[in-house]
Amino acid sequence: VAFDYLYAQSCSDVMKERFSGDLAENIMLQLTALHIYITISTARTNQKITLRNVEKEWGLELFLPSSLLTYIKEKHARKILSHHLKATQTPGPLGKKISTVQAKLQYLRILNELPLYPGGLFNSVVLDAKQSEMTLLVGPQHGISHVIDLKTN
C-alpha cells in the first residue's frame, strides 16, 4: 500500500510540475510513457499499448504535464513517447513484458536519481531575552539547520 501511495504521489508531483526545473524533456517523456504503460496495463491487462490508441481512448492530457508541449514540439514528443512505450513493452531476457510493479519501481528509480530541492535560506529573529538575528537553512538534506557563517557553510 505504501509503495502504491509513493508512486501515486510521485506521479502527482510530476504532473503538477514540482520537478519541472530539474527534469530534462527526455526524462519527462520517459516518465510519461511509464505512467501510460502502468495506467493502461492496470485497466486492460493484455492490450498492446500504442500512442494512437491512448490518444483515442484516454487522451494525452491525462498523462502529460500541461507546460510540456509549450517548450517541445508535439510531433517530437509523440515520436519520443512512442519509442519509450515500445521499449517498455519489449519482452525482457525472460521473454516477458515488465509487470506494472516493475514499471512503478522503474518510475521511482528515475525520480530518485534526480537532484533534490537544495533548500532555502531564511533570515529570522529569535525573540528571547535578547533579540538576535539568525539564518536558517531548510531542506531535505539538512532538515532545519542554523547557519553560522554563510561564507564557509
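1. Basis. The model is predicted, with local features needing pLDDT of at least 70 and side-chain atom pairs counted only at pLDDT 80 or more, while totals for chains, interfaces and linings use all residues. Residues are numbered from 1 along each chain as its sequence is written, and side-chain values use heavy atoms, with hydrogens and water left out.

2. Core. The largest nonpolar core has 29 residues, and Leu 29, Ile 36 and Tyr 107 have the most contacts inside it. Such a core is a set of buried Ala, Val, Leu, Ile, Met, Phe, Trp, Tyr and Cys residues joined through side-chain atoms within 4.5 Å. Buried means under 20% relative accessible area, exposed over 50%, and partly exposed in between (1.4 Å probe, protein chains only). Two or more residues each come from helix H1 (2-15), helix H2 (25-43), helix H3 (51-57), helix H5 (74-89) and helix H6 (100-112). H2 gives the largest share, 9 residues. Helices (H or I, at least four residues) and strands (E, at least two) are DSSP runs, numbered from the N terminus.

3. Ile 36. Leaving aside residues up to four places away in sequence, Ile 36 touches Ile 49, Val 54, Leu 60, Phe 63 and Leu 85. Contact here means heavy atoms within 4.5 Å.

4. Aromatic pairs. The whole structure holds 2 aromatic pairs. Rings of Phe, Tyr and Trp (its six-membered ring) pair if their centres lie within 6.5 Å; planes under 30 degrees apart count as stacked, over 60 as edge-to-face and the rest as tilted. Tyr 7 and Tyr 107 form an edge-to-face pair, 5.2 Å centre to centre with 75° between the planes. Tyr 7 lies in helix H1 and Tyr 107 in helix H6, so this pair ties together parts 100 residues apart in sequence. Tyr 7 is buried at 7% relative accessible area, and Tyr 107 is buried at 2%. Trp 58 and Phe 63 form a tilted pair, with 6.3 Å centre to centre and 50° between the planes. Trp 58 is partly exposed at 30% relative accessibility, whereas Phe 63 is buried at 2%.

5. Leu 62. This residue sits in the loop between H3 and helix H4 (68-71). Its relative accessibility of 46% makes Leu 62 partly exposed. Leu 62 touches Met 15 and His 35, not counting residues up to four places away in sequence. The C-alpha atoms of Leu 62 and Thr 32 are separated by 9.8 Å, the two residues being 30 apart along the chain.

6. H1 against H2. These helices pack at an angle of about 135°, with their axes 12 Å apart. Axes are lines fitted to C-alpha atoms, for helices over the stretch in contact, and angles run from 0 to 180 degrees between N-to-C directions. H1 and H2 are therefore oblique to each other; angles under 35 degrees count as roughly parallel, over 145 as roughly antiparallel, 65 to 115 as roughly perpendicular and the rest as oblique. Tyr 7, Cys 11 and Val 14 of H1 meet Met 28, Leu 31, His 35 and Ile 38 of H2.

7. H1 against H6. The angle between H1 and H6 is about 55°, and their axes are 10 Å apart. This pair is therefore oblique. Residues making the contact include Phe 3, Leu 6 and Tyr 7 of H1 and Val 101, Leu 105 and Tyr 107 of H6.
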